Amino acid sequence: MFEVIFLQFLNGLDKGAAYALIALGLTLVFGTLGVVNFAHGALFMLGAFCAVLFRQFVTLETVTLDPEKLSPWGAPLEIREPLVQAWFGDFGAVLVNYSVPASIIITIPIMLLVGIGLERGIIKHFYKRPHAEQILVTFGLAIVAQELIKSFFGPNPIPQPMPSDLRGAADIGAFLGMQANVITYPIWRLIYFLFSFVIIGGVFAFLQFTTFGMVVRAGMADRETVGLLGINIDRRFTIMFGLAAVVAGMAGVMYTPLLPPNYHIGMDFLVLSFVVVVVGGMGSLPGAVAAGFLLGILQSFASMTQVKALIPGIDQIIIYLVAVVILLVLPRGLFGRRGVMEA
Amino acid sequence: MRVMSRNDLLLFVGFTVVVLAMPIWLHPFGAAYPDLLQRFMIFGIFAVGFNILFGLTGYLSFGHAAFFGVGSYAAVWSFKLLSLDAIPALIFAVVVSGLFSLIIGYVSLRRSGIYFSILTLAFAQMSYNLAYSVLTPITNGETGLQLTLGDPRSLDVAMGVSTVGQPVPTLLGQSLGGFAGFYFCAGFLILAFFIAQRITNSPFGMMLKGIKSNQTRMNYTGFNTKPYTLAAFVISGMYAGLAGALLAVTDPLAGAERMQWTASGEVVLMTILGGAGTLVGPVIGAWLIKYFENIFSAINDNILRGFWSFLPEGADNVMVTISSKFVGEGWFLTLGLLFVLVVVFLPGGIMEGVRRIAHLFDRKPKDKPGKAAPRPQPAE
């Protein structure tokens, strides 16, 4: 029984990690700029498509016809050689194999540019507007981003292979000194969890231990006073928006092997992430992370057959049910502050 | 007692004329076919009802599609169990969705702001997911609830009415297909608009507006605001149920996808696009979105080629390629751009644009021409 529970716990971790990463970015944007960003799911999706783009780039091939050999149906045999392999040799092959993690290299600058461009171009004008209008404009932006991706990459999911070394499952049970082959867990999911752990830790450390982070935290607490001290808080908040976009993008990149990305993957995550953010408490970063993992793990427990036999249909509604209960018991979510978005 | 001020009467009469004449003036736009017109009416009712909650009290519900879906299911069940007549179905649907919204509203209204939005969203998503899984005996799951020959229809049997062939909803024995269905729905839209207008101008409506601008102050003046918001919530839930039931009347097949959050989001967008808090705005928003959905998505390359044929050779091909990205499959892109443009340039929705144009023709000197009054910021 302990093994089963432990396994479900692990299963919840990777989904919880994805929720936590998106919710973290949402909260960063909300806490700094005070903007409800419905385009955040689209940023997740754009990140995922950075991985697709990168893979399409590294798998560009030269096709040469070999007139000596014939394929079984009589046509000249085509010799396909990936360009990167021709240029870089073995390193190229490794690059093709590790295309998903490697694409983070292009994801970071792209998402930073997208984020800062979005903030300076449009969202800047919406700081003082009502939340309903912020929702409408960011929702419109999300639709535009989705449709652009759809017209370039098509409507179908594009599977991204994980690196060949990281396929298969890790025997966590044996690693922890339990019976072998009882608790096995896909390696990539484990990597996703560790990756999210590093990112979340990185963001918290950045906010906690750097001067920049300290200024941002001060700005979150009282923007006006920080501005009066002669600090250009707007520029720092813009950079934080870029950072949130990068976090969402990287979450999207690493999730591609688990779920082939299509153009509406962002919307699918968006609603759940909003529930996560609110359950955690608006504007609270630890709340977002805690609620992300809590809901991910509870969802995984609710989809156990034993639980489903006990309460039919619970796996479909558990997240919303927990959200309702938490919001009714704790009026501002887990770690919410008083007066934030309650009007 | 004065029943209606002159302006209100003019607005109501004008609205009625515009709605009833829709088959005529929409003809040049290619939208004057009954199926789309019925949708215009139905979603107009939905948006008017949503505006009673969101536009007046400022409570942003993200789960109104649940009441819409419940209305649809209730209407279809009434067709199956009671009678094929539309009137009992509508009454039954409005009552059921009213009760449903009373329960959800009572719980959700314990919180305000985004916490309220997420509570309503959670309830609606629960209803949607349960309609697909556990509640299949009631909702018929993915297939959708539909009428069959073997339905009991106890009232019809008692009245001695028998149907031949595929059962379709009727009104006192008359078929509700085509334009008859449109005028049936149009009557309800006009009625819904009238009631909304009366609510807005009533003391009750003033109370709701007071809640929007400053709930704390309302509490301090001695009003218990909760019953008022709950009443507004239930009224708008009943509007949604009525709209859902009318959709079931025109097409007796109720599916769970009507309750999904995207459907809730759609009515929010309709209302904000048209202008939240105004009477006509939400209806216009609903018409615009439904128009885009049905007309823009139906345009294909051949129609575009005909449209750009006046251009010289080559240039027309370029224009067809560019514009084809925005229509047909890509109509959503146009919709997204429209949202962004409207919110950036017309913060109050389309009605704000109408007001600005009216200002241009207004000779009287205004203290602030072309600018909306500053929004009152609610206190903590």
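**Note on the chain A and chain B interface and a helix pair in chain A**

1. Start with charge at the interface. Between chain B and chain A, the rule finds zero salt bridges. Keep in mind that this is a predicted model.

2. Polar contacts do occur there. Seven residue pairs are in polar contact across the interface of chain B and chain A, with both residues at pLDDT 80 or more.

3. Which elements of chain B give two or more residues to the side that touches chain A? They are α6 (113–132), α13 (261–274) and α17 (331–345) of chain B. The largest share comes from α6(B), with 12 residues.

4. The class count for this side of chain B is 27 nonpolar, eight polar and six charged residues.

5. Now the extent of the interface. On chain B, 41 residues are in contact with 43 residues of chain A. The area buried between the two chains is about 3800 Å². Carbon and sulfur atoms give 78% of that area. Three residues stand out: Ile114(B), Tyr115(B) and Trp261(B) supply 19% of the area that chain B buries against chain A, more than any other three residues.

6. Salt bridges are found elsewhere. One pair to look at is Asp14(A) with Arg189(A), whose closest N and O atoms are 2.7 Å apart. Asp14(A) sits in helix α1 (residues 2–33) of chain A and Arg189(A) in helix α9 of chain A, so this pair ties together parts that are 175 residues apart in sequence.

7. Helix α9 of chain A also has a helix partner. How do the axes of α9 (residues 187–209) and α12 (residues 233–255) of chain A cross? They come within 10 Å and cross at roughly 170 degrees. Angles over 145 degrees count as roughly antiparallel, so α9(A) is roughly antiparallel to α12(A).

8. Last, the residues behind that contact. From α9(A) they include Trp188(A), Ile191(A), Tyr192(A) and Phe195(A). From α12(A) they include Met240(A), Leu243(A), Val247(A) and Met250(A). By class, the contact of α9(A) with α12(A) has 15 nonpolar, no polar and no charged residues.

Note on methods. Residues are numbered from 1 along each chain as its sequence is written. Chains are lettered from A and ligands numbered from 1 in the order in which they are written. This is a predicted model: local features need pLDDT of at least 70, side-chain atom pairs count only at pLDDT 80 or more; totals for chains, interfaces and linings use all residues. Side-chain values use heavy atoms; hydrogens and water are left out. Contact means heavy atoms within 4.5 Å. Buried area is the accessible area (1.4 Å probe) that two parts lose on being put together, summed over both. A salt bridge is a side-chain nitrogen of Lys or Arg within 4 Å of a carboxyl oxygen of Asp or Glu. A polar contact is a pair of N or O atoms within 3.5 Å; within protein, one must be able to donate a hydrogen and the other to accept it, and residues adjacent in sequence count only if both atoms are side-chain atoms. Helices (H or I, at least four residues) and strands (E, at least two) are DSSP runs, numbered from the N terminus. Ala, Val, Leu, Ile, Met, Phe, Trp, Tyr, Cys and Pro count as nonpolar, Asp, Glu, Lys and Arg as charged, and the others, Gly among them, as polar. Axes are lines fitted to C-alpha atoms, for helices over the stretch in contact, and angles run from 0 to 180 degrees between N-to-C directions. Angles under 35 degrees count as roughly parallel, over 145 as roughly antiparallel, 65 to 115 as roughly perpendicular and the rest as oblique.
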